[in-house]
Amino acid sequence: MPTLVNYSGDDEFYSGGSLCSADLGLMLSLGHAQVYCPLRKRARISGPFIIEERTKNPSIEILPDECLFEIFRRLQGGRQRSAAACVSKRWLMLSSNLRSSEICHTDLSVADNGTSSDAKMVSADEDVEVECDGYLTRCLEGKKATDIRLAAIAVGTSSRGGLGKLSVRGSNSVRGITNVGLSAIAHGCPSLRVLSLWNVPYVGDEGLVEIARGCHSLEKLDLSQCPSISNKGLVAIAENCPSLTSLAIESCRNIGNEGLQAIGRCCTKLQSLTIKDCPLVGDQGVASLLSSGATMLKKVKLNSLNITDFSLAVIGHYGKAITDLNLSSLRNVSQKGFWVMGNARGLQSLASLSITLCRGATDVSVEAVGKGCSNLKHMCLRKCCFVSDGGLVAFARAATGSLESLLLEECNRITQAGILNAVSNFGKLKSLSLVKCMGVKDLPLQASLLSPCESLRSLSIRSCPGFGSTSLAMVGTLCPQLHHLDLSGLTGITDAGLLPLLEMSSKAGLVKVNLTDCLNLTDEVVLSLARLHGETLELLNLDGCRKVTDASLVAIANNCPLLNDLDVSKCSITDSGVAALSHGVQVNLQILSISGCSMVTKKSVPSLIKLGESLVGLNLQHCNAISSSRVEIIVEDLWRCDILS
């Protein structure tokens, strides 16, 4: 080891030889250092002298990194090491490269040569190391994401419980995260369990290999938009992190089958897998993960991959532990793949299935899935343009004993007849959602021939322009036990269509009702809703219902004691309606929105302040008749309420 301080020869201060790094390190670790300096006679100055300008750096900065490293690793407490790291960026980066295994742990209570009495003198605020359980969480985003900050996190958390979760979102455009910063985390945070890296283009295999070597307790790894990370980094994780339970890879163009094969071979505790938009991932990688004999995978999400029918066949045969399956944008998967997946009868534990934008999802394949997944509870079909009424009804008959929730979004071949027939066939269905299904047309049907669905509690029909009053009346006949009703965006429905539904569900009692942008509804619907369901209603959204007036607020105020969320934005209400609401029976109103109500003026300020006794949220945006000074008064009085203005 090179000498740190070497005064020899004609040294006027100390002639006892040199101080090596080991001696200095021992003195620093003990907290004191005594050097004998005998008195000397001052030298006579016989002539002029010149003072040479010396470097501005402190003298200790001339020490090489190796010597400083030896000093740092002999500091006995985390506070001491953190204090040293605060001196300069150089000291910080050197401290961050110090592994926990390299720290010298000296037992000061056992010292020889008569020094034990000095060693036992410990101050009251002694720096005691905290056990690194990894309960600390840190998140860096955008400009704050730099190597310096990662190094500071590594040093600062090492003695304060240890870093357990690290999330990096984006990177500084000038001093972005690199392998250096990730290596600092690997060296100083062995307790790291969760690592998430999003959009960090300068982090590559070297940094991930260091994480694998230093963080053996890693359980969750999320890599998104990391183009410099390849199979090499993922193989290192697989070989060194056997406790990995969750892996998510998105838009990593250099990760392929080799890395996934290593994960399947080594990480037998893996329970959650997400792979999205990775062009090098194919059947070989996905199949090796799913066909592993010790696989415990429960959640699988495959999106925008170049896999074929073979992968779905493997899922259907080996996915016995899978409970949640999400398949999206699989261009090379045909009807045969879904058919085999269902008929393999291996998905007996599957409870939730979501299929989005897959051309292989047809009437035949959907029916096969319904027959093969006997415990399926939640089904979601999005943008499946080849699924029609026949497939939906066949699926309903196959899954009638288990399905509880069904969502259909942009499935344009499904019509009103298919939906009503499917609803009448489901025995345990509790929730039905239709979103942007353009094939639904308002056609008269004989609802008396269909069986009512007594189990349905939640009905959501959003932005289906063809769904009108006729269809709604038939739904009311088939669904008498509704609690939640969402008809937002149905511009075609009228009072005549909705009133029968309100009458049919009056025994069950509606709890949440969303009528956003139902332009043709009037006060008659709200009056009926308040009369029939006022005792149970907790949420009512009338945003955009321009034909709703103060009469509705009066009815709500008199009949809805449990209401806690009310939105009457862009309705035709005035100060009189707000005043009536402030004197109403509802004492639990927490959220009120009157955004865009141009006829509400400053006269409503006292009423709003009175309502504010229970409010936690108030939306006054675009209420132009209320001046900013009046809004300030409301804000001052309702200081506990979150106010938008």
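This tour goes through a predicted model stop by stop, saying what to select and what is there.

**Before you start**

Residues are numbered from 1 along each chain as its sequence is written, and side-chain values use heavy atoms, with hydrogens and water left out. Because the model is predicted, local features need pLDDT of at least 70 and side-chain atom pairs count only at pLDDT 80 or more, while totals for chains, interfaces and linings use all residues.

**Whole protein**

Show everything first. The protein has 23 helices and 22 strands. Both are DSSP runs, numbered from the N terminus: helices are H or I with at least four residues, strands are E with at least two. Of the 645 residues, 50% count as buried. Buried means under 20% relative accessible area, exposed over 50%, and partly exposed in between, with a 1.4 Å probe and protein chains only. Now consider contacts (heavy atoms within 4.5 Å). Among those between residues at least 6 apart in sequence, 82% join residues at least 24 apart.

**Helix H9**

Select residues 231-240. Seven of the 10 residues of H9 are buried. They are Asn 231, Gly 233, Leu 234, Val 235, Ala 236, Ile 237 and Ala 238.

**Helix H11**

Move to residues 283-290. H11 is mostly covered, with seven of its eight residues buried. Among them are Asp 283, Val 286 and Leu 290. The cover includes helix H10 (257-266), strand E8 (272-276), strand E9 (299-303) and helix H12 (309-318).

**Largest cavity**

Select Gly 264, Cys 267, Leu 270, Leu 289 and Thr 295. Of the 11 residues that line the largest cavity, these are the closest to its centre. A cavity is a set of points, on a 1 Å grid over the protein atoms alone, where a 1.4 Å probe fits but cannot get out; lining residues have an atom within 4 Å of a point. The space here is about 60 Å³. Volume is the space filled by probe spheres set on the points, which are joined across faces, edges and corners. The lining has seven nonpolar, four polar and no charged residues. Ala, Val, Leu, Ile, Met, Phe, Trp, Tyr, Cys and Pro count as nonpolar, Asp, Glu, Lys and Arg as charged, and the others, Gly among them, as polar. The count comes to four cavities of 30 Å³ or more.

**Strand E11**

Select Ser 354, in strand E11 (residues 352-356). Ser 354 is buried, with a relative accessible area of 10%. Not counting residues up to four places away in sequence, Ser 354 touches Leu 325, Asn 326, Leu 327, Cys 380 and Arg 382.

**Second largest cavity**

Go to helix H16 (416-425), strand E14 (431-435), strand E15 (458-462) and helix H17 (469-478). Each supplies at least two lining residues of the second largest cavity. H16 gives the most, with three. The space is about 50 Å³. The lining divides into 11 nonpolar, no polar and no charged residues. Phe 467 is one of them.

**Helices H20 and H21**

Finish with residues 550-559 and 575-582. The axes of H20 and H21 are 8 Å apart, at an angle of about 0 degrees. The two helices are therefore roughly parallel, a term for angles under 35 degrees. Axes are lines fitted to C-alpha atoms, for helices over the stretch in contact, and angles run from 0 to 180 degrees between N-to-C directions. Contact residues include Leu 553 and Ile 556 of H20, and Val 578 and Leu 581 of H21. By class, the contact has seven nonpolar, two polar and one charged residues.

Terms used. Angles under 35 degrees count as roughly parallel, over 145 as roughly antiparallel, 65 to 115 as roughly perpendicular and the rest as oblique. On a 1 Å grid over the protein atoms alone, a cavity is a set of points where a 1.4 Å probe fits but cannot get out, and a pocket is an open set with protein on both sides within 12 Å along at least five of seven lines; lining residues have an atom within 4 Å of a point.
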